[in-house]
Amino acid sequence: MKIDTLFPTRLYRGSLIGARRLKPELMKTWLAIAREDIAGQRWCDEHGYLGYTSYASLDDLPSRANVFAELVRHLDTHARAFAQALEWDLQAKTLVLDSLWINVMAQGSVHTGHIHPHSAISGTYYVAVPHGASAIRFEDPRLAMMMAAPARRPAVRRENLSFVTIEPMPGAILMWESWLRHEVPANRARGHRVSLSFNYTVR
Ligand SMILES: [Fe+2]
């Protein structure tokens, strides 16, 4: 008997070289940006976001601080490696960072299930993950088609799970194809869970 695996869902896991060196600068910079970003603060208030995100207010982080520009250079390398592993034929086009934003999740903050439309690769770089902070949870993209599929055994292998939870370490980079639905359950940690999320598109 032989069972093949078809149509895999890839999750890229990398770590940033120099993460410890960059962390103090990133922490200082997000705080300074958050203090000045009145539109972002208002968006968080209006949308019940406990903490701060620049998602809806700032689209120029790499030009605001050198530390973000340096981060993007690293992310570009990781994104290209991921595209290589996915065997994408980009021909004359290339992967371009389309957006980068700060997520600071305070205690109780939650990010419900979503995908990242209009993008090819999405991901997150983890700056600070206090003890007990939320993991990220990915959902089997075929879930909506499993009308009569039996439940899986409790001790199921990871590739057969319908939901996979990853507890990121500070300095970790996660990337996935942008159609992959994911969520961040409520943050139980007292400290701030700080990350930078991004989208790459093909141009
Ligand atoms: Fe997301």
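Predicted model: local features only at pLDDT ≥ 70, side-chain atom pairs only at ≥ 80, totals over all residues.
Strand β6 covers residues 136-139, and β6 and β7 pair in the antiparallel sense over four bridges. To see one of these pairings up close, find Phe-138: its bridge partner in β7 is Val-164. The loop between β6 and β7 is also worth a stop, as it holds Arg-142. Is Arg-142 buried, exposed or partly exposed? With a relative accessible area of 43%, Arg-142 is partly exposed. Arg-142 and Ser-162 are 20 residues apart along the chain, and their C-alpha atoms are separated by 8.7 Å.

Next, the metal. Which residues are the protein donors of the iron ion? They are His-114, His-116 and His-182, each using its NE2 atom, and they lie 2.0 to 2.2 Å from the iron ion. Along the chain, the donors follow the spacing H-x1-H-x65-H. His-114 belongs to strand β4 (residues 111-114) and His-182 to strand β9 (residues 182-184), so this pair ties together parts that are 68 residues apart in sequence. The cut-off for calling a residue buried is a relative accessible area under 20%. His-114 has 18%, so it counts as buried. His-182 is buried too, with a relative accessible area of 4%.

Follow the chain on from β4 and you come to the loop between β4 and β5, where you'll find His-118. Its phi is near 65 degrees, which is a positive value in a residue other than glycine. His-118 is exposed, with a relative accessible area of 77%. Phe-7 has a positive phi as well, near 55 degrees, and again the residue is not a glycine. You'll find Phe-7 in the segment before β1. Phe-7 is exposed, and its relative accessible area is 74%.

From there, let's turn to strand β8, which covers residues 172-177. How many of the six residues of β8 are buried? Six of the six are, so the strand is largely enclosed by the rest of the structure. Ala-172, Leu-174 and Trp-176 point one way from β8, while Ile-173, Met-175 and Glu-177 point the other way. Both sets are buried, Glu-177 included.

β8 pairs with β1 and with β5, so let's take these one by one. Strand β1 (residues 11-15) and β8 pair in the antiparallel sense over five bridges. Leu-11 has Trp-176 as its bridge partner in β8. Strand β5 (residues 121-128) also runs antiparallel to β8, and five bridges join the two. Here, Thr-124 has Leu-174 as its bridge partner in β8. Trp-176 and Leu-174 are both among the β8 residues that point one way.

Helix α1 (residues 19-36) has 18 residues. From its first C-alpha to its last, α1 reaches 25 Å, close to the 26 Å expected at 1.5 Å a residue. Several of its residues are buried, namely Ala-19, Leu-22, Leu-26, Thr-29, Trp-30, Ile-33 and Ala-34.

How does α1 sit against α4? Two packed helices are described by the angle between their axes and the distance between the axes. For α1 and α4, the angle is about 125 degrees and the axes are 9 Å apart. The two helices are therefore oblique to each other. α1 passes α4 in a left-handed crossing.

Let's finish in α4, which spans residues 66-85 and contains Ala-85. Is Ala-85 buried or exposed? Its relative accessibility is 51%, and the cut-off for exposed is over 50%, so Ala-85 counts as exposed. From here we can look back to Val-164, the bridge partner of Phe-138 in β7. Ala-85 and Val-164 are 79 residues apart in sequence and 21 Å apart in space, C-alpha to C-alpha.

Conventions
Residues numbered from 1 in each chain as written. Heavy atoms only, no water. Donors = N, O, S within 2.8 Å, 3.2 Å for Na, K, Ca; no water. Buried < 20%, exposed > 50% of the residue type's maximum accessible area, 1.4 Å probe, protein only. Expected span 1.5 Å × (residues − 1). Pairing = 2+ DSSP bridges. Axes fitted to C-alpha atoms, helices over the stretch in contact; angles between N-to-C directions. Parallel < 35°, antiparallel > 145°, perpendicular 65-115°, else oblique. Left-handed = near helix turned anticlockwise from the far one by under 90°.
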